[in-house]
Amino acid sequence: MISYLSIALPIPVQKVFTYRYEHEMSPSDLIGCRALVPFGKRILTGVIVELGQPVQGMKDIIEVIDDTPFFTQSMLRLTKKMSEYYMCSWGEALKAGIPRGMTPQSVMHVELLTRIDPKELIVMKKRAPKRAALLEVLLSHSGPLTEVYLEKMLKTGTISDQLDALENAGVIKTTRNLEQGAKPRLQSMIYVNPEFMQDDQKLRDILHSLDEKYPKQASVFSHVYLQQKRTGNGIAISKVKEDLQLQSQSPINTLIANGILISKKVEYVPEPESIKDSLAQRDESLLNMTLEQKHAHAMIHEALHEVQAKTFLLHGITGSGKTLVYIQAIRSALALDKDCLLLVPEISLTPQLVDRFSATFGDQIAVLHSKMTNQERYEHWRKIRNGNARIVIGARSALFAPFRDGRLGLIIVDEEHESSYKQEAPAPRYNARDFAVVRGNIENIVTILGSATPSMESMFNAQHGKYHYLHISSRADGATLPELQLIDIREHRKSGTLHGSFSEEMLQAIIQRVIKKEGVILFHNRRGFARFQECPDCGHIPMCKHCSVSLTLHKHSGMLRCHYCGYAERSMHSCTICGGTDIKEPGTGTQKVEEELQEILIARGIKAVIERMDLDTTAKKGEHRRILTAFSKKEIDILIGTQMVAKGLDFPHVSMVGIIDADHQLFMPDFRSSERTFQLLTQVAGRAGRSGHLQGNVFLQTSHPEHQSILATMTGSYELFYNDELQSRKEALYPPYSRIVTIECAGPDEYAVHESATIISQLLPTKGQPFLLLGPSIPFIAKLKSQYRRVIVLKGNKNEDPSGEILRLLMKKAMQIYADKHAKQSVKVTIDIDAYGSV
């Protein structure tokens, strides 16, 4: 039979496309399957979302990839809502739900056919600079290059026009190949022949015979038998060799050849890492709960049994045992035969959390995050999809975990206030916290948002009855909150008693803890060595070639790096402008903090093992776990880090936290800077004194002790901060009273970018509308990755337009007119709903 199917494609066009497909199955069974389809010169992977009607000029589907739907009905609903809310295409939202490496890719390869004369290239640079730049990249390489690589090297956006022109001129040749996605990995499993499993006498005879003649075979046979008896399943050949330390597979092969063991190829199912040194201290489910923990769990337990959508905001101070409440809530859900999803904001949190949950739930856990290889991610995805994982722990993208329809029973969003739940690029620019609540409503299940410092929006929702508020006000395990000591760094600067970045009080506290072998965490939210290099003679500061920012000094590698686009160059030993040799290195990063502290301690006769934990030291796979394991075993005395050390870490031996510069992001051009400062300082302070036998101390260095964020941190008063900040937000019409939307224009031509932004702002009606329009303006970073930028900010009034529907409708109309009459190929327009950047 022939069906007409509507397919959502991963392109920024807000419509679905109809294709024809000849098949022998029910058309409704195709909904949710992925399909390869022709689209212009490309082959794209789309998702069949609904049955369609025949249209003129439609093409045939090349292939339906899946035997069963890749997306469930509830996931189709979630992605549809996501595309509507965030104003992206349905295909882009669906693409976010497909793990990287799982989709066949149509890849264009570009090959140079003729060598270009240098004189001809000089002429082309004046006449067609983009084409000339593209040819220079091709000339500098041997062999074909991919279109993606060329665009990455040129940093000028799409190059399709340049490729067409050069191909028509016979200078290059382009070819498209289809690269397949990840596939299931098979492994060899061995089992005891069922004939012997059912006959005890035969089993004893075989074992006796092997014991006498072939002891290695007897050892293998016994190992496989015991495994099969214990688990009801076989064991991988590789695992038998590892467990028994076999140098050769010969004993296994002989047992298989003699029919005593049977070998089968089965799909590999990933298991939690075999961890020699677990970061979990104990099975936390065995701990007694406090009265407040019991109350929180009772409310959640009751809601799970009611089988209806309900969202809880669990506000528990640092160290109050929110994780124990999560564990008990998961146990309640599993008892109802429901699966669970736990979202975490940082990849750095997953090693300890996975260990803590594995201590209770064993191998029922699957993990999803961006540091995994494509094959690992695919295998864990399959584990969830096939029902072999009951609990999924992951970062933002785990929101799309492929639970079967009706299986998911509980979603937990840990550290719900974290901005890393918001995707910045590419589309959809979704907030995983907000859409966890949406998924919970679609699935008709319970959602828990947990934090010691809830976001302004979540607390506002709780106060207005949208969420059920649960509060845990005291620490678990008999622990008490740490004592905070404020150090006014201005006084130390005046008196000349500052030792690099350290006050004498903080240094003495560090030395005392090192001597007593107690853990020390030092927090400084800037990586690298110094903010930049500067020549005091001529004032030259090395800047990024692609962004309007200075380059950060990374002393250990001798490089200056851009933290936005990755551009790097050698650090200056002498000024490249005037030749001056007195190069200054103002500002402080984690590398500098580490170096200063090591020098000071050595000078005072103190030996300490210091390690950094930031993006530089954890870039290599497994480094998060290595550092955390060494710190938990007291092999590291002092852990210096960025916000990676500020959240979720639970080490009983940590008695001191030092905050090097509490003011780092206090005056950033962002209305959330005060909130983020308070949250970050409170979270990192909470790492100290988390066990009942050690009093925690926090030393906070600041030049602004009077600021509300600092005062609220010092008093431990969330209410003080929330009430003051809420009033400020109301007066300035910022969230939670408004919805912030940004429209960004970006491109290599600054004039074209400014013109496009001006046109869009003029197309948006403002008189009598439920929003304010600001801009277009030049953002804090005017140029990013070789693209000039202009930003329009819209403040949607939630009182007048609660859902934002009016604002989105007017934006759609304006953008449609812009696309039809004014759009420039060189200018990219990006819409960000509920924007989190500097606005």
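Good morning, colleagues. Please bear in mind throughout that this is a predicted model.

I begin with strand β3, which spans residues 34-39. Of its 6 residues, 5 are buried, so that the strand is mostly covered, given that buried here means under 20% relative accessible area. What are the partners of β3? On the one hand, β3 pairs with strand β4, residues 42-51, in the antiparallel sense, and 6 bridges connect the two. Within that pairing, R34 is found opposite V47 of β4. The two strands make a hairpin with 2 residues between them, and in the turn G40 adopts a positive phi of about 60 degrees. On the other hand, β3 runs antiparallel to strand β5, residues 63-64, to which 2 bridges join it. There, L36 has E63 as its bridge partner in β5.

From here I pass to the nonpolar cores. The largest contains 96 residues. Which of its members touch the most others? They are I48, I61, L341, L794 and M811. Let us consider I61 in more detail. Setting aside neighbours within four places in sequence, I61 contacts L5, I7, Y19, R20, Y21, A35, L36 and V37. Three of these names, A35, L36 and V37, fall in the residue range of β3, 34-39. A further core of 30 residues lies apart from the largest one, and its members include A303, F312, I412 and I472.

My next subject is Q328, located in helix α13, which covers residues 322-335. Is Q328 buried or exposed? Its relative accessibility is 11%, and because the limit for a buried residue is under 20%, Q328 counts as buried. Beyond its neighbours within four places in sequence, Q328 is in contact with S285, M289 and H297.

In what order do its strands lie? This open sheet has 3 strands, arranged β21-β22-β23, and the pairing is antiparallel. At the edges are β21, residues 552-554, and β23, residues 568-570, each of which pairs on one side only. From one strand to the next, the twist averages 30 degrees. Between β21 and β22, the latter at residues 559-561, there are 3 bridges in the antiparallel sense. One of the residues involved is H554, whose bridge partner in β22 is M559.

Thank you for your attention.

Key. Residues are numbered from 1 along each chain as its sequence is written. This is a predicted model: local features need pLDDT of at least 70, side-chain atom pairs count only at pLDDT 80 or more; totals for chains, interfaces and linings use all residues. Side-chain values use heavy atoms; hydrogens and water are left out. Two strands pair if DSSP finds at least two bridges between them. Helices (H or I, at least four residues) and strands (E, at least two) are DSSP runs, numbered from the N terminus. Axes are lines fitted to C-alpha atoms, for helices over the stretch in contact, and angles run from 0 to 180 degrees between N-to-C directions. Buried means under 20% relative accessible area, exposed over 50%, partly exposed in between (1.4 Å probe, protein chains only). Contact means heavy atoms within 4.5 Å. A nonpolar core is a set of buried Ala, Val, Leu, Ile, Met, Phe, Trp, Tyr and Cys residues joined through side-chain atoms within 4.5 Å.
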